[in-house]
Amino acid sequence: MRTEIPVAIAFVAGMLMVVSLFVPHPFIAEPAAVMRSWAIIITAFAYVLGVANIARISLHTVKKRTTDWQYKGALVVALVAMAGVGVSRGIQTGGLFDWAYLNMYVPMQATMFSLLAFFIASAAYRAFRARSVEATLLLVVAVVVMLGRVPVGEKLWPGLPAFTEWIMEVPNMAAKRGIMIGAALGAISTGLKMILGIERSYLGSD
Amino acid sequence: MAISPACARVSLRCLRTACGVRQLSRFLLSFGFVLFLIWFALFHVTSPALASVVLETADRPDDDGTALRLMWRGDLAEGDSLVISRAAYPDTAFSPVATVDAMRAGYTDQGLSRKITYVYKVEAAGGRTVLSEPVSPSASFLNTSRLVMLAILALYFISVLIYIKLAAGGREFFVRRISGLNAMEEAIGRATEMGRPVLYVPGIDDLNNIQTIASMVILGDVARMTASYETPIVVPVCKPFVVPVAEEAVKQGFMNAGRPELYNPDNVRYLSDEQFAFTAGVNGIMLREKTAANIYMGSFFAESLILAETGFSTGAIQIAGTANIHQLPFFVAACDYALIGEELYAASAYLSKEPKLLGTLKASDVAKVIIMVLLTAGCIAESLGLTAFAELFTAR
Amino acid sequence: MAERKTEERSLLTKLSQIDRRILFLLIFACATIPLLLGAGLRMSVTAPVQGLYDAIDGLEAGSYVWLAADYDPGSKPELSPMNYAIVEHLFRKDIKVISGSLWAPAPPLAQAVFDEMAPRHGKQYGVDYVNLGFKEGREAVMVSIAEDLRRTFPEDHSGTPLDSIPMLEGISNLQDVEMIICVSAGYPGIKEWIQQIATRYDTAIGGGVTAVSGPEMYPYIQSGQLVGLLSGMKGAAEYEQLVERPGLGIAGMVAQSSVHVMVVIFIIFANIVYFLEKRRAR
């Protein structure tokens with residue numbers, strides 16, 4: 001029963017969504033719209049679940065004083081502070097929450113994202129080696145595209161941006177489409193396995 | 001001549017009756033005339049300039065019965081604009097709907113009800129007016145423009161069911177070697193030798209992304225392997241909804257390996273819903289706990305390279321798989337093995353070797369052959385200028 | 001002689017396994033120095049960028065677009081310049097903008113763009129543009145607003161009911177807008193808008209993505225499902241050039257060029273070291 005009921009729910013919800021793509025009549029479209037609204041509401045509840053989970057794990061670590069418990073402590077303080085400010089003083093533009101968001105959260109996020117520039121450099125230095133004919137081809141194309149995607153490439157050779165676009169639109173796209181079609185079929189087949197209850201290991205045991 | 005009172009009463013009644021009939025007929029006549037005038041005003045009084053314009057209304061096909069299509073043709077000039085108004089028939093109170101360019105082929109009025117009959121009035125500059133016939137929207141039972149899509153999907157579903165049946169009957173299917181999946185056991189073995197944990201990152205998307213579900217299925221198999229080697233597995237999770245599913249998958253894996261007592265609930269850790277906070281958290285786990293095998297399976301974005309490069313710096317053996325094509329180059333460059341696109345979805349069948357799951361892989365192959373044939377036919381048809389073939393696949 | 005060879009080999013090994021921090025330092029210098037100097041570079045406009053510009057330029061004044069701000073602070077440096085350039089074009093054309101987001105951190109970022117651009121163009125909130133804020137639910141939200149806007153977004157970002165916003169009178173769902181412009185950093189983003197909306201309705205879709213996601217979008221441009229695309233900071237710079245409003249996109253081009261050239265130098269250098277190592281090993 002522990003897996004049968006979720007499988008039945010997955011079947012009904014999944015089939016309703018598939019059928020609604022082909023049957024526009026309200027007798028299918030309306031329940032499908034209601035189900036979509038439910039999905040939005042249920043997804044919003046996940047945030048409550050998340051806060052409960054993170055608080056449980058973090059407080060547990062702080063209480064037991066396990067390794068690096070201080071970080072978990074900082075996390076709990078930040079969580080309570082941001083939520084407290086948001087609830088008590090609102091999230092309107094120009095408020096304290098907005099200030100903390102724009103001046104703390106935004107720069108921290110941007111810092112993490114900017115790490116990519118450094119890691120790309122180290123990965124390229126390590127991985128792009130002309131070990132074989134294919135690797136050499138990959139390397140040459142990578143260099144051409146890298147230069148063609150910035151204005152300096154155009155200064156080196158005016159035809160480079162157009163050549164880069166051709167690489168992106170023809171050989172690159174041919175390969176990408178193949179992978180995309182394969183992946184889409186894989187996704188449909190996985191979806192079908194879930195809907196029909198063939199794949200149920202993700203639901204745990206009975 | 002004397003008139004008897006009785007006769008007088010009868011005569012009076014007759015006179016009254018005659019008057020009543022006359023009044024009634026007069027009333028009916030005048031009412032009919034008013035009706036005629038309304039009807040005439042509604043449908044026949046048009047200015048001479050717009051009399052040459054034909055207004056047609058039609059139900060929008062293949063919809064849920066909430067829209068009507070208006071089309072006009074005739075004596076209209078460039079730059080003319082038309083004011084479209086609508087009334088619920090037989091009411092004549094028109095309310096404006098839209099002002100459109102007269103050169104447009106038509107207008108679709110949406111948000112209507114199937115239970116109401118509508119009449120439209122189109123006005124051009126100078127008070128020129130034309131009225132439509134009364135019309136009601138109707139709902140379709142089948143979107144005919146998606147019939148080809150439905151046929152292909154049905155064919156795919158049927159082939160999945162046939163292959164599952166064949167697999168259940170004992171038929172064996174060949175599945176090509178996927179080196180990334182073969183390396184998984186080797187990586188877990190290496191972690192065991194080093195006495196360090198295995199890290200499994202199920203991507204950063206929620207359960208509504210099918211890649212995350214596929215990742216959960218693989219997690220069950222990886223957990224089974226780690227349990228049989230008695231090696232701890234750490235699963236950092238980015239979305240709260242994934243936590244209970246990941247817990248179940250790991251628990252199930254440990255049970256399948258016959259070692260449920262080794263399961264530690266603290267090893268499935270929700271870190272943050274936020275992409276880069278999560279990335280920082282996973283990097284922290286790699287650096288502090290010195291994980292020896294890092295497995296990344298699921299939907300990844302910009303964090304892929306940050307994770308893989310940090311994993312490389314700790315010397316871990318790394319296996320990645322994603323259907324997010326834009327992240328594949330990073331995984332290919334920075335990891336030891338990478339599963340490309342569909343290999344991620346094939347992994348559960350490959351690792352578990354369950355016949356039913358292998359059957360679905362074969363059905364995907366059939367679908368691929370069909371798509372290849374259609375692509376080739378489409379290329380030939382388009383090259384020959386036969387656009388009808390491509391139009392078959394244009395869904396509304 | 002043998003000693004010299006060993007020394008050479010150890011030097012080559014050192015070079016091939018160079019301390020990552022040296023590479024990081026060089027990249028840091030390449031990225032920051034041009035930004036501090038404030039130099040700009042002009043470039044030719046690629047077809048996908050021109051496509052988006054032409055599509056927006058072809059819209060009539062007074063028509064509506066849905067501007068989906070689907071990004072977060074992490075991708076702000078790359079995507080915000082696009083948002084500025086697109087809003088500049090939309091406001092200049094007197095197109096009414098309805099902005100909504102499927103990414104929780106996005107509404108303040110979208111609002112910052114409006115706060116800067118609206119006074120410059122004399123645009124009024126609720127009359128010329130509106131920010132509906134964030135709604136959780138990803139693809140379900142897309143399909144839901146395509147059917148009924150008010151059911152999904154009963155209020156705007158600051159809690160004003162949609163029925164009391166003048167510009168939204170007569171707008172019942174996404175089918176009433178001429179175009180969806182999505183500035184997206186990932187999932188849910190432009191791909192999902194195409195999958196959920198372009199396959200169901202006739203609404204045109206265009207937008208911008210981070211440079212890394214750009215190549216994935218090319219099939220949709222070729223199939224006509226995307227009217228145009230800005231890819232990364234270069235896309236933003238090209239659009240800035242088209243609308244003749246130099247901004248952060250153009251300003252970042254020298255920095256990006258220097259970083260790309262530096263990475264190319266790294267690759268060439270690493271390969272020279274690799275070949276020398278191979279020769280020594282022989």
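In chain C, residues 24 or more positions apart account for 75% of the contacts whose separation is 6 or more, where two residues are in contact if their C-beta atoms, placed from the backbone, lie within 7 Å. This is a predicted model, in which local features need pLDDT of at least 70 and side-chain atom pairs count only at pLDDT 80 or more, while totals for chains, interfaces and linings use all residues. Residues are numbered from 1 along each chain as its sequence is written, and chains are lettered from A, with ligands numbered from 1, in the order in which they are written.

The average pLDDT of chain C is 89, and 97% of its residues score at least 70; pLDDT is the predictor's confidence in each residue, from 0 to 100. For the model, the scores are ipTM 0.81 and pTM 0.77. Of the 282 residues in chain C, 52% are buried, a residue being buried if 20 or more other C-beta atoms lie within 10 Å of its own, exposed if 12 or fewer, and partly exposed in between, with C-beta atoms placed from the backbone.

## Chain C: elements and domains

Chain C contains twelve helices and six strands, which are DSSP runs numbered from the N terminus (helices are H or I with at least four residues, strands E with at least two). Taken along the principal axes, the C-alpha atoms of chain C fill a box of roughly 85 × 35 × 35 Å.

An automatic or database domain assignment supplies the domain bounds, and it divides chain C into domain 1 (2-39 + 256-281) and domain 2 (47-250). Over C-alpha atoms, the centres of domain 1 and domain 2 of chain C are separated by 41 Å.

Chain B has eleven helices and 13 strands, and buried residues make up 41% of its 396 residues. Among the contacts in chain B between residues at least 6 apart in sequence, 67% join residues at least 24 apart. The domains of chain B are domain 1 (54-131) and domain 2 (173-353), and their centres, taken over C-alpha atoms, lie 58 Å apart.

Although Leu219(B) is 30 residues away along the chain, 6.3 Å separate its C-alpha atom from that of Ala249(B).

## Helix H4 of chain A

Helix H4 (residues 96-127) of chain A has 32 residues, and at 1.5 Å a residue it should span 46 Å, which agrees with the 46 Å between its end C-alpha atoms; the expected span is 1.5 Å times one less than the number of residues. H4(A) has a kink of about 30 degrees at Tyr105(A), shortly before the proline Pro107(A), the bend at a residue being the angle between axes fitted to the seven residues ending there and the seven starting there.

## Where the chains meet

Between chain A and chain C, 46 residues of chain A are in contact with 45 residues of chain C. H4(A) gives the most to the side of chain A that touches chain C, with 16 residues. That side of chain A has 30 nonpolar, seven polar and nine charged residues; Ala, Val, Leu, Ile, Met, Phe, Trp, Tyr, Cys and Pro count as nonpolar, Asp, Glu, Lys and Arg as charged, and the others, Gly among them, as polar.

Chain A also meets chain B, with 61 residues of chain B in contact with 48 residues of chain A. Helix H10 (residues 355-383) of chain B gives the most to the side of chain B that touches chain A, contributing eight residues. By class, this side of chain B has 37 nonpolar, ten polar and 14 charged residues.
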